[in-house]
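Here is a short note to read alongside the model.

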Amino acid sequence: MSDVTYSSAADPGEDVYADSYETFDGTVYNLAGGDWDSIAAAPEGEKERIVVNMGPQHPSTHGVLRLVLELDGETVTDARCGIGYLHTGIEKNMEYRTWVQGVTFVTRMDYLTPFFNEAAYVLAVEKLLGISQNIPERANVIRVLMMELNRISSHLVALATGGMELGALTAMTFGFRERELVLDLFEMVTGLRMNSAFFRPGGVAQDLPSDGEKAIRDTLPLLRKRMKDTADLLIDNAIWMGRTVDVGYLDLQGCMALGMTGPVLRSAGLPHDLRKSQPYCGYEAYEFDVPTQTSCDAYGRFLIRIAEMHESLNIVEQCLDRLTPGPVMVEDKKIAWPAQLSIGSDGQGNSTEHIKHIMSESMESLIHHFKLVTEGFTVPAGQAYVAVESPRGELGAHVVSSGGTRPYRVHFRDPSFNNLQATAAMSEGSMVADVIAAVASIDPVMGGVDR
Amino acid sequence: MTESGIPVVPEGVSELDVVGVRRGSFQVSGSGDTSGFGGLVSPIVMPAPTERPYGGWFDELADEIELALADRNLPVSSVIDKVVVDRDEITFFVLAEYIVDFARMLRDEPGLRFEMCLGVNGVHYLEDKGRELHAVYPFLSITHNRRIRVEVTAPDANPHIPSIVGIYPSNDWHERETWDFFGIVFDGHPGLTRIEMPDDWAGHPQRKDYPLGGIPVEYKGATIPAPDNRRAYN
């Protein structure tokens with residue numbers, strides 16, 4: 001930093017809050033707001049560049065994102081993202097926990113799509129264990145059911161926060177209201193609204209509650225009706241279209257170069273969806289369409305999200321029809337979690353039957369329970385990469401095992417992380433206000449970006 | 001297994017990929033443990049290289065790659081170190097100096113056409129001497145609906161791998177992340193700076209030799225060691 005000399009704030013006549021310093025490019029003035037007068041005497045003849053630091057802040061629920069914009073009047077000439085503000089070292093932490101505990105971490109990455117994070121991770125672990133074919137049918141149906149409900153809740157937030165950022169506050173209240181309906185279902189099935197840690201290597205943690213199927217079925221008509229209301233509110237809305245049509249433009253060539261996946265890629269006309277091209281969890285058995293648009297803009301991505309939510313509702317209905325009684329965890333007792341949870345008088349707890357069995361009937365069961373819970377199972381050495389189609393695009397999990405009871409290395413290829421790279425291509429040359437619409441159309445979640 | 005802990009190579013396998021040795025059962029030593037578990041020695045063996053035929057579409061793909069390499073006057077044996085087929089996934093170990101040519105070939109060759117490189121991930125094998133750092137690139141071909149993995153290794157002493165951002169611009173942030181976490185220098189990257197950690201951070205946190213902090217909690221005179229010094233099953 002030898003090319004920078006800070007002027008001393010103690011100099012008479014200097015503004016202590018908005019100092020200036022010299023660089024090779026000329027004088028740089030720091031502005032903290034309300035002090036434009038102090039740079040009125042900026043030297044003549046020098047090229048003036050205004051760099052605005054948008055953030056690091058919390059733009060609704062995307063997380064903490066910093067945008068560095070270079071402006072020429074209202075036009076953005078240069079846009080750069082600063083990320084890392086939500087880095088929590090999840091990947092490193094997982095190297096010091098058992099394979100099952102890893103689920104608890106990954107569910108917290110992209111906090112709007114917990115089930116997709118869990119799915120990518122458990123599918124990779126199952127591939128390493130070589131038990132992918134042994135997952136019970138019911139567990140797979142429940143996984144698809146939860147993922148598709150999750151897709152709806154995630155797209156609703158995309159819509160809600162995107163609307164709020166563009167001033168459409170009714171879209172925000174509608175979106176969050178409908179999302180709450182879905183989160184209620186999550187709470188009923190997993191016990192938690194978010195961060196459920198519900199998928200486990202080998203199946204799911206718990207079967208649906210006895211009234212679960214009915215509750216989900218009863219919610220669907222209301223959800224369908226209200227989603228139509230939200231869509232009607234925005235689809236032909238002149239203000240909404242004025243803010244999003246031809247904004248955040250990225251054509252197919254740009255999408256391929258920048259590795260875009262998800263609604264952004266589909267808004268450029270390519271119907272690429274991993275659920276169709278490389279099905280997992282039995283997606284090949286479901287009937288659904290992959291909506292695309294050819295407008296390459298934020299409005300097209302909005303239409304795709306609306307259409308995808310309806311497709312997801314159809315898949316959820318098909319899941320409910322396919323649910324047949326059966327186990328929800330692999331038979332292999334060396335992998336399946338020994339205890340089943342049940343709701344006791346205090347609200348939660350282990351199944352009393354299981355406790356009775358291990359405490360007073362079978363010492364071997366107790367040893368088995370203890371070993372599996374404290375030590376965990378070992379996973380044969382090797383590596384696997386599994387990708388699922390999250391609401392934002394390809395979510396990949398690269399899991400490496402060294403044959404131990406803990407992951408050797410876990411890495412997530414988060415779609416938001418990759419797609420945020422398109423911010424510059426989408427917003428350079430546009431107005432400042434369009435940057436917001438462009439970023440909202442990418443729908444990044446910084447918890448997933450930074451992990 | 002021999003007494004030294006180095007396993008006997010089974011028949012039909014050309015060589016074993018030993019990346020480390022696991023000792024004991026609880027990551028402790030010198031505790032006076034007489035159970036015998038402390039004396040356990042087991043090598044960490046990654047899946048061994050695979051010989052032809054690889055099975056399924058892998059052979060077709062390998063043929064395409066060999067032809068495409070020949071078109072570019074690149075000798076297969078010096079570009080591809082080994083091929084591992086494991087768990088229905090194929091991994092090409094490519095020598096670092098050829099990764100740019102290899103990536104360009106994957107992208108441009110009509111029979112390969114891997115439109116997407118889904119980033120790069122580092123893995124640090126502390127005991128894999130001379131090739132401690134691995135950079136793992138997953139590739140996806142939408143046209144042919146195929147996935148492959150390309151792995152490049154670099155020694156800790158000279159952690160340099162050429163950047164493929166010029167071919168796959170989407171790898172920009174991914175390479176920055178791998179530099180940030182593992183210290184792999186991607187030569188030719190347009191701006192290899194930290195991305196997740198603060199700019200003034202020292203060290204590369206996801207390396208296996210990066211010291212962990214731990215929390216100085218005291219309870220009745222006991223202290224909690226950092227996770228990597230804690231007793232645990234291994």
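1. Helix H4 (residues 171–182) of chain B is mostly covered, with 12 of its 12 residues buried. A residue is buried if 20 or more other C-beta atoms lie within 10 Å of its own, exposed if 12 or fewer, and partly exposed in between, with C-beta atoms placed from the backbone. The buried residues of H4(B) include B:Trp173, B:Trp179, B:Phe181 and B:Phe182, and also B:Asp172, B:Glu175, B:Arg176 and B:Glu177.

2. This is a predicted model: local features need pLDDT of at least 70, side-chain atom pairs count only at pLDDT 80 or more, and totals for chains, interfaces and linings use all residues. Residues are numbered from 1 along each chain as its sequence is written, and chains are lettered from A and ligands numbered from 1 in the order in which they are written.

3. What do the buried residues of H4(B) pack against? In chain A the partner is helix H14 (415–419), and in chain B the partners are strands E5 (116–117), E6 (121–124), E7 (133–141) and E10 (185–187). Contact here requires C-beta atoms, placed from the backbone, within 7 Å. Helices (H or I, at least four residues) and strands (E, at least two) are DSSP runs, numbered from the N terminus.

4. The length of H4(B) agrees with expectation, because its 12 residues at 1.5 Å a residue should span 16 Å and its end C-alpha atoms are 16 Å apart. The expected span is 1.5 Å times one less than the number of residues. After H4(B) comes B:Gly183, with a positive phi near 75 degrees.

5. Chain B as a whole has four helices and 12 strands. Of its 234 residues, 31% are buried. Among its contacts between residues at least 6 apart in sequence, 53% join residues at least 24 apart.

6. Some backbone details in the loops of chain B deserve a look. The peptide bond from B:Arg52 to B:Pro53 is cis, with omega near -5 degrees; B:Pro53 sits in the loop between strand E2 (41–46) and helix H1 (58–71).

7. B:Asp88 is not a glycine, yet its phi is positive, near 60 degrees. This residue lies in the loop between strand E3 (80–86) and strand E4 (89–94) of chain B. B:Asp88 counts as exposed because it has 12 C-beta neighbours inside 10 Å.

8. B:Arg113 also has a positive phi, near 45 degrees, and is found in the loop between helix H3 (99–108) and E5 of chain B. With 15 C-beta neighbours inside 10 Å, B:Arg113 counts as partly exposed.

Note on methods
Contact = placed C-beta atoms within 7 Å.
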